[in-house]
Amino acid sequence: MAQLVFFSGTMDSGKSTLALQMDHNHAARGREGLIFSRNDRAGAAVLSSRLGLAVPAEEVTDATDFWDEVVRRRVHGGRVDYLICDEVQFYSPRQVEQLARLVDEMEVDVFGFGITTDFRTHLFPGSARMLELADRVERLQVEALCWCGARATHNARTVNGIMVTEGEQVVVGDTDRVEDVGYEVLCRRHHVRRVTAASVHAASLSPETLPLGE
């Protein structure tokens, strides 16, 4: 029986890497699928991992209708056994409902990947609908780390390294940037206190080596 599965985690927890691995595993068993993404850090029509892996993908827009996409391919003789859907947090609730319908009425497996909350700790609409409809929700086991070394649980937006809590919900950036708009993962304590790596000049998790006595 087909399933709608939501793999959730913070930034840097390996969601896109897992999405690429799952596509490889299913394709290796002779299944045929489609890869979708939206607002990927590498640009449009691509699914990329921070490890440097990338594959072409269908770019999701506000006009994308997943039901129509699968029907059109099947009408023309194509097989669609599964969908890999990255950056699900940016999908609309209606699009998530289309994915659920594909599972229930066409027996298409749907594997969604995304973060649940934004930089204000509010649920993204797409992720909220996935949590409501998914047959299974899997929390990624690869733990992202806050600059302090604790498990990161919250996504923070920074401007020139300073954490902000106001602004549009979706502004595409990258965790490697230190100027303009960037993103960083923090533990809850430092997210509440708005303490980022830049604000404490956290260059390393390891303490400096003590000087050896003569």
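Trainee: How many helices and strands does the protein chain have, and what share of its residues is buried?
Mentor: In this predicted model the chain has six helices and eleven strands. Of its 214 residues, the buried ones make up 44%.

Trainee: Among contacts between residues at least 6 apart in sequence, what percentage join residues at least 24 apart?
Mentor: Contact here requires heavy atoms within 4.5 Å. Among the contacts in the protein chain that join residues at least 6 apart in sequence, the share joining residues at least 24 apart is 73%.

Trainee: How do helix H2 and helix H3 pack, and which word describes H2 relative to H3?
Mentor: H2 covers residues 66-75 and H3 covers residues 93-106, and their axes lie 8 Å apart at an angle of about 40 degrees.

Trainee: Which residues of H3 are buried, and what covers them?
Mentor: The buried residues of H3 are Gln-95, Val-96, Gln-98, Leu-99, Ala-100, Leu-102, Val-103 and Met-106. Their cover includes strand S1 (4-8), H2, strand S6 (82-85), strand S7 (109-114) and helix H4 (125-133).

Trainee: Which element gives the most to the largest nonpolar core?
Mentor: That core has 24 residues, and those with the most contacts inside it are Leu-4, Phe-36, Leu-83, Cys-85, Tyr-91, Leu-99 and Leu-102. Two or more residues each come from S1, strand S2 (33-37), H2, S6 and H3. With six residues, the element that gives the most is H3.

Trainee: Which residues does Leu-99 touch, not counting residues up to four places away in sequence?
Mentor: Leu-99 is listed among the buried residues of H3, and Leu-99 is also one of the residues with the most contacts inside the largest nonpolar core. Not counting residues up to four places away in sequence, Leu-99 touches Leu-4, Phe-66, Leu-83, Cys-85, Tyr-91 and Val-110.

Trainee: Is Met-106 buried or exposed, and which residues is Met-106 in contact with beyond four places in sequence?
Mentor: Met-106 is found in helix H3, and its relative accessible area of 17% makes it buried, since the cut-off for buried is under 20%. Although Met-106 and Val-71 are 35 residues apart in sequence, their C-alpha atoms are 9.3 Å apart in space. Leaving aside neighbours within four places in sequence, Met-106 is in contact with Trp-67, Val-70, Val-71, Arg-74 and Arg-101.

Trainee: Where is Met-130, and how far is Met-130 from Leu-4 in space, C-alpha to C-alpha?
Mentor: Met-130 is in helix H4 and counts as buried, at 0% relative accessibility. Leaving aside its neighbours within four places in sequence, its contacts are Leu-4, Val-5, Phe-6, Val-88, Val-96 and Gly-112. Met-130 and Leu-4 are 126 residues apart in sequence, while their C-alpha to C-alpha distance is 8.5 Å.

Trainee: What covers the buried residues of H4?
Mentor: The buried residues of H4 are Gly-126, Ser-127, Ala-128 and Met-130. What covers these residues includes S1, H3 and S7.

Trainee: Where does Asn-39 lie, and is Asn-39 buried or partly exposed?
Mentor: Asn-39 lies in the loop between S2 and strand S3 (46-48), and its phi is near 60 degrees, a positive value in a residue other than glycine. At 26% relative accessibility, Asn-39 counts as partly exposed.

Definitions and conventions
Residues numbered from 1 in each chain as written. Predicted model: local features only at pLDDT ≥ 70, side-chain atom pairs only at ≥ 80, totals over all residues. Heavy atoms only, no water. Axes fitted to C-alpha atoms, helices over the stretch in contact; angles between N-to-C directions. Helix = DSSP H or I, 4+ residues; strand = E, 2+ residues; numbered from the N terminus. Buried < 20%, exposed > 50% of the residue type's maximum accessible area, 1.4 Å probe, protein only. Core = buried A, V, L, I, M, F, W, Y, C linked by side-chain atoms within 4.5 Å.
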